[in-house]
Amino acid sequence: MFGASTKCLYIETLESLLDLKLIEPLDVAAAEGLVIRMKGSFHFYHDRIQEACYALTEKRERDNNHLMFGLCLVNLSIDTGDVDMLFTAVNQINLGGPSAVMDKDKLAIIAKYNLMAGKKATEMLDYTSAYDFFYHGISFLPNNHWTYHYQLSLELFELASQSALATGNSRSIENFFGEVLKHGRCFEDKLNINFIIVSSLSNASKVLEAFEKGRIILSRLGEDILCDPSKETLNRHIQQTQSLISGVSEHELLNYRLMTDTNKLQAMKFLAKMQHITAMAKPTLNPFVTLKMVELTILHGELASCDIVVH
């Protein structure tokens, strides 16, 4: 049920919590040469043996067992902070699938488990696994989830889009961001997905589309970018920025306040992306984007190191 191998600890835990005999049959299988007990894990001796054993169980029973084992392990993994167990548990639940869940009130809870596992995988920079968790989390969302589980839905779709972007899965991104643009309740709730859209267009070398989309979003955030500025306009902006900087001492810059305005933080994130885009699509605008970022920093504070991640 756990694939080619699994830790003895997981089997022992399930045996204890479910009051099932699991270790003894595996020891018998080991004596027959079907599995190997090695370094704290059970391993099938050959893939064909694993496939044959798996095929002996009816699909519904397999799905129910996957779900039961996963749910049994997941809370323990959360309590102990065991990330490997969390991944194993949630993968087991996902192998069971939504159809195995008889109590439909548990669907949103299982979606949250996938969200949790996906975030852990993202922290480990394993975007492929993160995508799988977020994707399965979406599949467990109950009917009318945008009404009754709005924040959970928003976060799952956003993070699924982000991990799809990181793995180059452009087709999935379109499906995910379409849902958020359709069901997002306000402009602010769509900002993260709009940033992913701009990034996706840029990655696909659709830099002019990316520029126009980013420019529109920035305008709604109160930060306009001129489409075709003159040299005189550039010089004027440089002088204005120099004037702003001259009013701040070196000591103040070294101990500058942090930016806290949510809209300005979002604007800085889009401007950072627009630096890359204008360098390719509209080089003459690149200095304006940089000057705008300096201006926002002087007026509203500097960014914490974790505030901008540009993909």
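1. Lys292 is buried, with a relative accessible area of 16%. It sits under the 20% limit used for that label. The model is a predicted one, and the values below are computed from it. Lys292 forms a salt bridge with Glu223, with 3.4 Å between the closest N and O atoms. Lys292 belongs to helix H16 and Glu223 to the loop between H12 and H13, so this pair ties together parts 69 residues apart in sequence.

2. Side chains of opposite charge can pair when their charged atoms come close. The count of salt bridges comes to 5.

3. Another of the salt bridges is local. Lys59 pairs with Asp63, the closest N and O atoms being 2.6 Å apart. Asp63 counts as buried, at 8% relative accessibility.

4. Helix H16, which carries Lys292, spans residues 286-300. Its 15 residues reach 21 Å from first C-alpha to last, close to the 21 Å expected at 1.5 Å a residue. The buried residues in H16 are Phe288, Val289, Leu291, Lys292, Met293, Leu296 and Ile298. Their cover includes helix H13 (231-246), helix H14 (250-254) and helix H15 (262-281). Gly301 follows H16 and has a positive phi, near 110°.

5. The largest nonpolar core has 74 residues. Which of its members touch the most others? They are Leu156, Ile225, Phe270 and Leu271. Helix H9 (residues 150-166) gives the most to this core, with 9 residues.

6. Ile225 can be followed through its contacts. With neighbours within four places in sequence left aside, Ile225 is in contact with Phe211, Arg215, Leu218, Leu271, Met274, Leu285 and Val289. One of these, Leu271, is also among the core members that touch the most others, and Val289 is one of the buried residues of H16.

7. A search of the whole structure finds 7 aromatic pairs. In one of them, Phe157 and Phe176 have ring centres 6.0 Å apart and planes at 75°, so the pair is edge-to-face. The angle is over the 60 degrees that this class requires. Phe157 lies in helix H9 and Phe176 in helix H10 (residues 170-183), so the pair ties together parts that are 19 residues apart in sequence.

8. Is each of these two rings on a buried or an exposed residue? Phe157 is buried, with a relative accessible area of 4%, and Phe176 counts as buried at 6%. Both belong to one aromatic cluster, together with Tyr131, Tyr135, Trp146 and Tyr150.

9. The side chain of Gln92 is joined to that of His66 by a polar contact of 2.9 Å.

10. At 47% relative accessibility, His276 counts as partly exposed. His276 and Gly81 are 39 Å apart in space, C-alpha to C-alpha, and 195 residues apart in sequence.

Definitions and conventions:
Residues numbered from 1 in each chain as written. Predicted model: local features only at pLDDT ≥ 70, side-chain atom pairs only at ≥ 80, totals over all residues. Heavy atoms only, no water. Core = buried A, V, L, I, M, F, W, Y, C linked by side-chain atoms within 4.5 Å. Buried < 20%, exposed > 50% of the residue type's maximum accessible area, 1.4 Å probe, protein only. Helix = DSSP H or I, 4+ residues; strand = E, 2+ residues; numbered from the N terminus. Contact = heavy atoms within 4.5 Å. Expected span 1.5 Å × (residues − 1). Salt bridge = Lys/Arg side-chain N within 4 Å of Asp/Glu carboxyl O. Polar contact = N/O pair within 3.5 Å; in protein donor to acceptor, adjacent residues only side chain to side chain. Phe/Tyr/Trp six-rings, centres within 6.5 Å; stacked < 30°, edge-to-face > 60°.
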